[in-house]
Amino acid sequence: MKSIDLKELNHLPGRKLGENDTFSFHCHPGLACFNQCCRNLNLFLYPYDVICLKKNLGIPSDAFLDDYVDVVLRPGNFFPAVLLQMADNDERTCPFLSDSGCSVYPDRPDTCRTFPVEQGLLVHQDKKKSELIQFYRPPDFCLGQYENERMTTKTWADDQDAATYHKMTIMWAELKAMFQKDPWEGEGPDGPRGKMAFMATYNMDRFRDFIFNSSFLKRYKVKSSILKSIRANDIQLMKFGFSWVKFYLWGIQGKNLRLR
Ligand code: SF4
Ligand code: SF4
C-alpha cells in the first residue's frame, strides 16, 4: 500500500471507489485467465503478510526472508520494500502457484486478497489523520471484470476474508509514511538503526530473541501483560515492534514501553 498525497490523488490510474460504489467482479476456475495473474508480479509483502506466510510454511521469519523475498530500496524511499521473489522460470510464476492454484490460499498476502482493487493511504498534511483510498484497476487480461456479480469494497473484503489484513496493512502504512523523511542521520537504511527497524517490523522471530535474550529488558521497562503476549503471539509482537520503532527512531513514547 503506497502513501498518496493530495496532488497525485486525481492522477492515479483506475476508478476511485467510494464506500457505496460498485464494480463487477467474479473470479473462478472456469475463466480462461485462471491463475494468469499469479506471475510476473511486483507483489509487496507487509509485516502481517510475512507472519501469515511463515506460519503457513512452518518456517521461522529469518528463513522466510532469506528464501522468499527481495528487499529493495526504491528511489526516494528511506525504508526498503519487501517483495515476494518470483520463481526463476520463463513466466516468473509466484513461488506459491501450484497446478491446483494458490498453495498458501488461507494465508495469501493482502495484495492477492484485494486484487483487482488497489489501495493507497492518503496521509493528510498534519499527519494525524490518514484515509484509505481504493481504486478498481483490473488488468486487461483479467476476465473476472466482465462477470455479472457486483461488489463494493466492503463486500469484496468480506468475500476475501481480508478485513484483518487491511487493518494490519493500514497500521503498517501509517508507520511507513513516517519514513518519507530520512530518519537515519547519515547512516542510511543499511546502518545499525535501519537493521533494527527492519528486524522489529519484518523479522518477528529474530526480534523476539532480541527482546528476551539481550540487554533490552535491562534498559527498557515493558508492562508484564505486554511481555506475556509478545512472548507467545507474533501479531502482538509486530504491534509492539511498530511502537518500538517510533520510540527508537523518533522518541515517540507509547504507553507500553519506557526507559528504566
Ligand atoms: S479473473 Fe482476474 S483475478 Fe481471477 S484468475 Fe483471472 S486474472 Fe486472476
Ligand atoms: S500468493 Fe497465491 S494468490 Fe498470491 S500470487 Fe501467489 S499463488 Fe497467486
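**View 1. The shell around ligand 1 divides into 9 nonpolar, 2 polar and no charged residues.** Here Ala, Val, Leu, Ile, Met, Phe, Trp, Tyr, Cys and Pro count as nonpolar, Asp, Glu, Lys and Arg as charged, and the others, Gly among them, as polar. This is a predicted model, where local features need pLDDT of at least 70, side-chain atom pairs count only at pLDDT 80 or more, and totals for chains, interfaces and linings use all residues. Residues are numbered from 1 along each chain as its sequence is written, chains are lettered from A and ligands numbered from 1 in the order in which they are written, and side-chain values use heavy atoms, with hydrogens and water left out. Look around ligand 1 and you'll meet, among them, Phe-25, Cys-27, Asn-35 and Gly-144.

**View 2. Ligand 2 has a shell of 9 nonpolar residues, with no polar and no charged ones.** Cys-38, Cys-94, Cys-102 and Cys-112 are part of it, along with Leu-41, Leu-43, Phe-96, Leu-97 and Pro-109.

**View 3. Thr-201 sits in helix α7, residues 192–202.** It counts as buried because its relative accessibility is 2% (buried means under 20% relative accessible area, exposed over 50%, partly exposed in between, with a 1.4 Å probe and protein chains only). The Thr-201 side chain reaches the backbone oxygen of Ala-197 at 2.8 Å, and one of its polar atoms lies 3.1 Å from the backbone oxygen of Phe-198.

**View 4. Asn-148 lies in the loop between β9 (130–136) and β10 (150–151).** With a relative accessible area of 74%, Asn-148 is exposed.

Key
Near = heavy atom within 4 Å. Helix = DSSP H or I, 4+ residues; strand = E, 2+ residues; numbered from the N terminus. Polar contact = N/O pair within 3.5 Å; in protein donor to acceptor, adjacent residues only side chain to side chain.
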